[in-house]
Amino acid sequence: MIKAKIPAIRKTPVLQVSGLSVQFETPLGRVHAADSVSFELFENETLAMVGETGCGKSVVASAIMQLLPQNAAVNGDIEFEERNLLDLGEKEMAKVRGAEIAIIFQNPSLSLNPVITIGDQIAEMLQVHGKAAGRSKSIEKAAGVLRRLGLGESGLLKMYPFQFSGGMNQRIMIASALMLSPKIIIADEPTKGLDSATAAGTVREMEKMKDLSSASLLLITHDPALVEKIADRVAVMYCGEILEIGPCREVFQKPLHPYTKALLGCLPERGLHPISGASPSMTDPPQGCKFHPRCPKRNAKCSQSPFMKQIETIDSGTASGERWVKCWLY
Amino acid sequence: MLAVLKAERIAKVHESGTFRKTRREIFQNVTLELEEGKTIGLMGESGSGKTTLSRIVAGLEKPSAGRVLFQGKDIASLRGKKLRDFQRSVQMVFQDPEGSLNPRKSIERSIHEVLGLLKVPKREWQEKTHDILHTVGLSEELLCRYPGQVSGGQNQRIALARVLLIEPRVMILDEPTSALDISVQAQVLSLLRELQKNRGLGYLLVSHQPEVMRNMAHEVFILKDGCLVRSG
């Protein structure tokens with residue numbers, strides 16, 4: 001049984017994204033990549049952003065890091081440490097990137113410079129942010145971080161990225177992200193393109209990373225199985241919007257939004273039930289609820305835009321049942 | 001039921017180096033049978049030789065030892081009409097759907113290319129194209145687009161459409177959904193299940209996802225340390 005109610009207890013967020021919209025002008029028209037995206041990332045928590053490819057997850061990550069191309073029109077607020085990141089200039093933002101908010105990109109082999117040794121690349125973080133005196137001291141610190149991650153083999157620091165597998169390069173990226181003990185780590189599809197054994201290894205590294213640092217993790221992925229393993233809360237994105245957000249276990253056990261239900265139904269362990277229809281165009285998205293043309297529970301009201309509503313589940317048996325859903329059914 | 005395709009005691013050895021030759025045995029003594037209407041799953045870690053084995057079974061690579069039998073005959077000895085019959089009956093679907101299609105040819109040209117090779121009269125092309133797009137659940141609006149202008153799942157369906165035009169009996173599916181989202185993966189895999197039901201196709205499905213195997217395969221084999229073992 002579900003009823004609408006707003007609980008009073010709230011934690012302090014380290015990052016607060018409010019009404020973030022990102023649009024790109026392209027020759028094919030205006031792409032609405034993110035539309036009124038709002039969420040909070042709390043201390044020490046792992047928030048996963050899950051959705052199909054092209055739904056705007058990575059655009060949100062890039063907007064937080066201000067790494068979007070010049071044709072992007074960004075609106076909204078990204079509050080971090082009492083500053084709106086969207087108001088910061090390039091020099092101020094360069095101080096935030098890596099030191100306060102670190103990002104692990106989806107293709108580790110392309111994210112690392114092939115002609116610079118691993119040691120120098122990890123140590124570069126300290127030198128760029130002026131946190132170490134000299135190359136040798138910063139390489140020593142890099143060796144320390146690698147040891148903490150269980151990568152203490154001698155000679156590793158003098159090797160090059162092309163000498164490693166994708167999984168090993170992903171560990172190097174994790175080590176780089178940990179170098180300056182950032183407050184937030186964004187992991188953008190960290191297991192994409194890796195085989196199951198390597199992906200499982202990367203998940204273990206991420207769990208180790210969470211234990212070693214007190215950083216909050218924003219995990220961006222299209223893989224619900226990965227989310228189930230390591231996330232505390234999950235935000236489900238579709239066509240540039242967050243449709244549902246809530247504690248991971250509850251969302252997986254009892255999804256509320258018809259899209260979340262459909263997405264989880266696609267999992268092989270839940271029977272491989274495909275979602276009917278095709279993903280909508282990002283240049284000309286449907287009016288009202290963007291999922292309604294594919295929704296099995298649509299009604300006349302769905303042609304109007306629903307708003308995010310807070311829902312408390314009272315039969316889930318957990319106290320942290322703060323859930324939000326954007327659907328006329330609730 | 002008689003196996004359409006049988007790999008018999010296959011071994012593959014990779015040789016590298018110009019002056020000092022090094023030999024690496026990938027797998028040995030592998031025997032596998034593919035029947036119509038049945039899915040055989042093949043699993044294994046990266047580098048265990050899954051793709052090499054599937055390419056050997058599809059006749060795209062030669063084994064170092066052993067033989068592949070098509071309807072009881074060694075494919076290495078097939079010539080003329082019998083060889084063409086084998087090539088038609090056994091088709092492969094690759095991991096990267098975009099890489100399977102020519103980026104400079106529209107979807108329509110890619111499909112017509114197959115019809116041309118099959119010597120289908122031109123007056124039937126439109127009808128055949130319409131039918132095959134309907135089978136794989138694609139709209140005709142896509143015909144004028146290029147592979148770079150459609151999604152990964154749509155490209156994989158186009159690759160499947162091209163293969164289905166040839167009317168194979170057995171399909172070798174080398175991680176056909178590993179580059180796709182779970183929603184698109186569910187679409188492609190349920191389409192494959194439906195095709196098997198309607199056309200009695202036999203599949204050799206290579207995947208690293210145990211859950212996919214549980215849903216799709218009648219029998220699962222694991223390639224480990226160079227040997228093929230049946231999964232419990």
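Guide: Chain B has a mean pLDDT of 89, with 99% of its residues at 70 or more; pLDDT is the predictor's confidence in each residue, on a scale from 0 to 100. This is a predicted model, in which local features need pLDDT of at least 70 and side-chain atom pairs count only at pLDDT 80 or more, while totals for chains, interfaces and linings use all residues. Residues are numbered from 1 along each chain as its sequence is written, and chains are lettered from A and ligands numbered from 1 in the order in which they are written. For the complex, the predictor gives an ipTM of 0.76 and a pTM of 0.83.

Let us turn to chain A. Its domain assignment gives domain 1 (7–90 + 232–330) and domain 2 (98–215), such bounds being taken from an automatic or database assignment. The C-alpha centres of these two domains of chain A lie 29 Å apart. Where they meet, 9 residues of domain 1 are in contact with 8 residues of domain 2; two residues are in contact if their C-beta atoms, placed from the backbone, lie within 7 Å. On the domain 1 side, strand S2 (13–26) and helix H1 (57–65) of chain A each supply at least two residues. Helices (H or I, at least four residues) and strands (E, at least two) are DSSP runs, numbered from the N terminus. H1(A) gives the most to this side, with 4 residues. By class, this side of domain 1 of chain A has 6 nonpolar, 3 polar and no charged residues. Ala, Val, Leu, Ile, Met, Phe, Trp, Tyr, Cys and Pro count as nonpolar, Asp, Glu, Lys and Arg as charged, and the others, Gly among them, as polar.

We now come to the helix pair to be examined closely. The axes of H4 (residues 118–128) and H6 (residues 166–178) of chain A come within 8 Å and cross at roughly 30°. Axes are lines fitted to C-alpha atoms, for helices over the stretch in contact, and angles run from 0 to 180 degrees between N-to-C directions. H4(A) and H6(A) are therefore roughly parallel to each other, a term for angles under 35 degrees, whereas those over 145 are roughly antiparallel, 65 to 115 roughly perpendicular and the rest oblique. From H4(A), A:Ile118, A:Gln121, A:Ile122 and A:Met125 meet A:Ile172, A:Ala175 and A:Ser176 of H6(A). The residues of this contact between H4(A) and H6(A) comprise 5 nonpolar, 2 polar and no charged.
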